[in-house]
Amino acid sequence: MKGLLATFFRELRAYFFSPLAYVVLTFFLLVNGYVFWFILSYLNDPRSRAGAPLELFFGQTIFFWLVLLFVTPILTMRLIGEERKTGTIEMLMTAPVTETQVVLGKYFAALGYYLFLWLPTLGYVAVVAHYGSVDPGPVAAGYLGVAGIGALFLAAGLFASSLAKNQIVAAIVAFAMLVFFFTFGLLENLVAGETARKVFGYLNLWQHMDELSRGIVDTRRLVYYLSVTAFFLFLTSRALEAKKWR
Amino acid sequence: MARPETRQQLLAGGTLSVGVILVAALLAIVNYFGFKYYHRFDWTHGKLYTLSEKSLGVLDGLKKDVDVVVFMRPGGELFEPVRELLERYAAKSPHVKVRVVDPEKNLVEAQQLVDKYKVSSLSVVVFDSGDDRRVIEEADLADFDYSGMQFGAGPQMTGFKGEEAFSGALLELAEQRKPKILFTSGHGELSLDDVSESGLSQAQALLGKENFEMKAWASLGQAEVPAGTDLVVVAGPRARFAEPELAALGRYLAGGGRMLVLIDPTLAPGGGGLVDTGLGAWLANYGVKLGDDIVVDPSNPLPFYGAETIFVNAEGTHPVVRALEQAKLPVILPLARSVSRGTPPAGAEVNELLRTSAEGWGEIDLANLRAVAKGPADLAGPVSVAIAAGPAAAKPPAVAEDDEDPQANAKAAPAVAPVPWRLVVVGDADFATNAQLANVGNPTLLANTLNWMVERQKLLGIGPKAPEQVRLNLSASQLRWVTLWVLLGLPGLAVAAGLWMHLRRRR
């Protein structure tokens, strides 16, 4: 536990001291700010259909997914790849910490920074509450979806980082994996067979966020996010272990 | 022979691979069971996505499998609410199996199911259990507000009624009971078995597909309408009903019965008037005024027919005629009499369903029908030719009861509140005969009338739920302020934080 906490704080500090973190934060807020402004402008038009702004904000536009697909690989790309490139991985591996502690420490730091990115979006909730009304349940469920899908994406990104020495390669591999995750479930709308449709529907992240943003929390989604996250973290720790005996 | 390091590497690699495979298998197992056994929580304040206690009671009582087939295009407005709602049913009961068939992508499957279920529209939800089924049309699933169309906005869904429709269908399937309809006989009425042009055999076939159980009933000499009757139809009587018969029908209505009266203007032998069936005075007790006239409408003529064969349009948003009104489907009435609003009894309401144009009238000079002309004594148009009557409180018991105190409504709920009487009177019976039933809106009128009259889902008292919608009304300055805050304020703070951190590190 001590090793895990040490790694966690070390990585978290690295995030907040890095200029890249603030570039990412600015980009993140610009894009999400634009999406939120667009939704408000749309709903403010008397010709448009009425709708809940925060429901639309959480996952109902492609921008939401673009941000997730681009930002999470950037957050994870340097986590292990950089250690390997600079050679500090050898020191880490010989330190009195296990691979699992290293992986979890780095992962939770990335998750912590990711959740920090979303913190300012509570300002959007305040705007809607000021000019209209907010049902806190669906908003909480929306953030739960953001956390769940983010957790999954970051775990996949961390695994990609453990495979590649170069940060850019790690980011590209992670991006490719996430695009696969995102688009795979969308096949639900294209396949004809009932079983195939159910399988793809289970994996359909867009559908998940659609439900969560409306306040529906389905245990199937949580099982999926948590189990796949755990699987990628396991793979990452095994990848690190494999470096020892190679 | 491999060197010791290589052997060790192979061993480690093999162990790692086996470990990964085992964890992958565990991942698959966890997700399989997670998919199979799940729970859905509703975090909305108004419990928009929670099944009412009444629906849960229906699902508790469901002991056989029900296949629910959704024939809908995924892009449609009702597709998602329907899919989501059915997910909730499936999550609560292992007997509910939901299948979605996209009529555009699954052409073969859709065609097979259309043949199997004999559905006429590809926007329906079918509840199928063995040899019994219920078909729910998309039009019965939601209420829409069209008022925004004048500003260029599309129709706005104001209430989603899927739960009352689906739970009603499940309740009927669970009870294995078909609505029982009795057609009175003994007064020259049209016959269900008659295959001639003036018979009702096609109506019988049509209503059979809707799962109605129909029988002729000789009412003369019967003290009461048989128990368990969902609807009594009087179709085209040509002779007088005896007082005891009318009294029995009155008691049936008073006890929550439903009656459909299709009554032609039958000329009395010798001319000069219409046959008195005794129903005119009886119907007056329920606020329905039966005219002794023949309705003509020269502005709505049918080619090759006389002025007395008219077509009429639906009036208002009553469930019986809503679909006709939305589709702009007229109903052809070969010879009709006026049926208008009389003085309803206390607590009752009467709604006109079908009307002629303003140029139509009710011709009362029945002795001189060869050259009809509008006279001062005639009933002026637009003339009503169909009426629905019932208690004003006949609407479903308020929505609030589902949410305010679900515990109080509890599991016994499906058995439900007192049944309100319903009465529909149409001043023509011929529209339902074999010769006329296939015409434009005629089959829709007949099927919708009977569906509304026996509608058990209404009896469950599950009200429609309003979708969560917010109509923002920001002024230009407010929107400008929001724009500055979200596009400059928040990103600006991030830039400032980054600069501060940069300067701090340089020091």
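A residue counts as buried when its relative accessible area is under 20%. B:Ser340, at 15%, is therefore buried. That is a handy starting point for a tour of this predicted model, which also takes in a nonpolar surface patch on chain A and some of the 24 salt bridges found over all chains.

**Around B:Ser340**

- B:Ser340 sits in strand β16 of chain B, which covers residues 339-341.
- Leaving aside residues up to four places away in sequence, B:Ser340 touches B:Gly287, B:Val288, B:Lys289, B:Ser384 and B:Ile387.
- Although B:Ser340 and B:Val425 are 85 residues apart along the chain, 9.4 Å separates their C-alpha atoms.

**A nonpolar patch on chain A**

- Helices α2 (19-44) and α4 (62-76) of chain A each supply at least two of the patch residues, and the largest share, 4 residues, comes from α4(A).
- A:Phe38 belongs to helix α2 of chain A and is partly exposed, with 44% relative accessibility.

**A salt bridge within chain A**

- The side chains of A:Arg78 and A:Glu11 form a salt bridge, with 3.4 Å from N to O.
- A:Arg78 is in the loop between α4 and α5 (81-86) of chain A, while A:Glu11 is in helix α1 (residues 2-17), so this pair ties together parts that are 67 residues apart in sequence.
- Both ends are covered: A:Arg78 is buried at 14% relative accessibility, and A:Glu11 is buried at 3%.

**Salt bridges at B:Arg40**

- Side chains of opposite charge can pair when their charged atoms come close.
- B:Arg40 meets A:Asp218 in a salt bridge of 2.6 Å, N to O. This pair crosses between chains, joining strand β1 of chain A (residues 216-218) to strand β1 of chain B (residues 40-42).
- B:Arg40 also forms a salt bridge with B:Glu87, at 3.6 Å from N to O. Here the link runs from strand β1 to helix α3 (residues 79-92) of chain B, between residues 47 apart.
- A:Asp218 is buried, as are B:Arg40 at 11% relative accessibility and B:Glu87 at 19%.
- A:Asp218, B:Arg40 and B:Glu87 are among the members of a network of salt bridges, which also includes A:Asp210, A:Arg214, B:Glu80 and B:Arg88.

Conventions: Residues numbered from 1 in each chain as written. Chains lettered and ligands numbered in written order. Predicted model: local features only at pLDDT ≥ 70, side-chain atom pairs only at ≥ 80, totals over all residues. Heavy atoms only, no water. Buried < 20%, exposed > 50% of the residue type's maximum accessible area, 1.4 Å probe, protein only. Contact = heavy atoms within 4.5 Å. Patch = residues over 30% accessible without salt bridge, like charges linked within 9 Å, V, L, I, M, F, W, Y side chains within 5 Å. Areas by Shrake-Rupley, 256 points an atom, 1.4 Å probe, with all protein chains shown as cover. Salt bridge = Lys/Arg side-chain N within 4 Å of Asp/Glu carboxyl O.
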